[in-house]
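The sequence and the structure are shown first, and the description follows.

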Amino acid sequence: MMENSKTVWKRFSIPQYRQEEDYLSEMNEKGWRFTHATFPGLYHFEKCEPGQVTYRLDYNQEGIRNKDEYVRMFSDCGWEYVCDFMGYSYFRKPGTAGEEREEIFCDDASRLDMMRRVFRGKIYPLIILFAAVILPQLLANTAGNSVGIYGRGIAGDILSFVFLGLAIVYLLIFSTTAVHFYRFEKEVSGDSMGTRLKYAGVFALIVALLAGIGVFFWASSFRSAYTLTENDTGYVMEIEKLNTSVVKEYDLKKGDLVRIHIVEFERGHLYLSITESGKEPVFFGDFYNFGYHPVEIQNDGHYLIEISGKRATGIVEVTIE
Amino acid sequence: MDAHIKKVYVPMTESGFYILLCLRKPNHGYGIVQMVKEMTDGDIVLAPGTMYGSLSKMEKDGLIGFVREEDKRKIYLITGLGKEVLDLEMKRIERLYKNMKEMR
């Protein structure tokens, strides 16, 4: 038995509405009539007599708000309104093969106006989201100074990677969108130096952002830069950035007091531990519970004092008495 | 007339010019399409996307005003500002035409 309807998942990027129109026309030629589309890109068809039909997409939010008059204008001109999907309105008109396909725009100015509406309606919100949420969150979580009790721990690490991923996806969307807009503008208003410069600027900005994010991410999460100064009673670590662990070894006696003092703590996460070689740590802590209280050594032995960090910045002083 | 209006509408597209020309009398979008088709012996058929976009843009910019609705069709009429813009365009086209005639 032949099915009378089918659903196809198709993905068209924001300015690819031309391809979308062609796709719907091709389906109609094969005997599948477009009925409606649903999130996230499911195109629903019903069986029909194969035939030449021209599909056209308009993007006009005002039209959607005043649908009666909007649809009336198109139907007066012989266009059947099909549906709305993601801000686009779909229209179709029967047309025979070989004939020049009809357009819903008769000049380049109004075609460019539509692209501007698409840009305002679909790309602006993405740019705002990117600039106001994704980028600041990425920077805060990656720097290690995000606010909140979970911000500095493992959740901060995960968020940092999540926002890095999101930022890259967004920049990819912006790049492909810019390519499509460039092609479109070239087609409509010719290839001018001004257009080229504009898009070269857009791409330079995207590449600079990507490079900036990359450098920032590396510098915050992978680089370690610190100075370790030993003195008579222990050592001082001045940490610009710590993403590794630093172990110092000492032979300690029963009754020795080890004091790990966090003189300054700016951001990130610090873990501190004192371990007798080959045994469980006698002390493990982080910047929350490490203060002036010294740890008293219970057995003579060879001890490892480890200071490790994740995106950490600060000054740590180790004193042995 | 402010700079924005001048920048956007002077010079004007052929579609825009015909819209303003026809709206010296109240009319709706499809009425304008038919009028222009007649005036140009079927050469210029204004498309609905262009028409809808232009009418709402011109209404927003105050070149035309909404009069009433009839059978789901919005009827518009040119405003004082619209007349000013049309006048500028007519003068520009007259000069163009005059110069073309002289040079021919």
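## Helices and strands of chain B

In this predicted model, helix H3 (residues 29–39) of chain B packs against helix H4 (residues 48–60) of chain B at an angle of about 120°, and their axes are 10 Å apart. The crossing in which H3(B) passes H4(B) is right-handed. On the side of H3(B), the contact is made by Gly29(B), Ile32(B) and Val33(B), and on the side of H4(B) by Met51(B), Tyr52(B) and Leu55(B). By class, the residues of this contact of H3(B) with H4(B) are 5 nonpolar and 1 polar, with no charged residue.

Chain B also holds an open sheet of 3 strands in the order S1-S3-S2, with antiparallel pairing. Strand S1 (27–28) and strand S2 (64–70) of chain B each have a single partner strand and stand at the edges, so one side of each has no neighbour in the sheet. S2(B) is joined to strand S3 (residues 73–78) of chain B by 6 bridges. Within this pairing, Gly65(B) has Leu77(B) of S3(B) as its bridge partner.

## The contact between the chains

Chain B contributes 20 residues to its contact with chain A, and chain A contributes 22 residues. On the side of chain B, the elements that give two or more residues are helix H2 (14–22), H3, H4 and S3. H4(B) gives the most, with 8 residues. The side of chain B that touches chain A comprises 8 nonpolar, 8 polar and 4 charged residues.

## Domains and strands of chain A

Chain A is divided into domain 1 (5–94), domain 2 (108–221) and domain 3 (225–320). The C-alpha centres of domain 2 and domain 3 of chain A lie 41 Å apart.

Two strand pairings of chain A share strand S8 (residues 234–242). They are set out below.

| Pairing in chain A | Sense | Bridges | Residues opposite each other |
|---|---|---|---|
| S7 (residues 225–231) with S8 (residues 234–242) | antiparallel | 7 bridges | Leu228(A) and Met237(A) |
| S8 with S13 (residues 301–320) | antiparallel | 7 bridges | Gly234(A) and Thr319(A) |

S7(A) and S8(A) are also joined by a hairpin through 2 residues.

Terms used. Residues are numbered from 1 along each chain as its sequence is written. Chains are lettered from A and ligands numbered from 1 in the order in which they are written. This is a predicted model: local features need pLDDT of at least 70, side-chain atom pairs count only at pLDDT 80 or more; totals for chains, interfaces and linings use all residues. Axes are lines fitted to C-alpha atoms, for helices over the stretch in contact, and angles run from 0 to 180 degrees between N-to-C directions. Helices (H or I, at least four residues) and strands (E, at least two) are DSSP runs, numbered from the N terminus. A crossing is left-handed if the near helix is turned anticlockwise from the far one by less than a right angle, and right-handed if clockwise. Two residues are in contact if their C-beta atoms, placed from the backbone, lie within 7 Å. Ala, Val, Leu, Ile, Met, Phe, Trp, Tyr, Cys and Pro count as nonpolar, Asp, Glu, Lys and Arg as charged, and the others, Gly among them, as polar. Two strands pair if DSSP finds at least two bridges between them. Domain bounds come from an automatic or database domain assignment.
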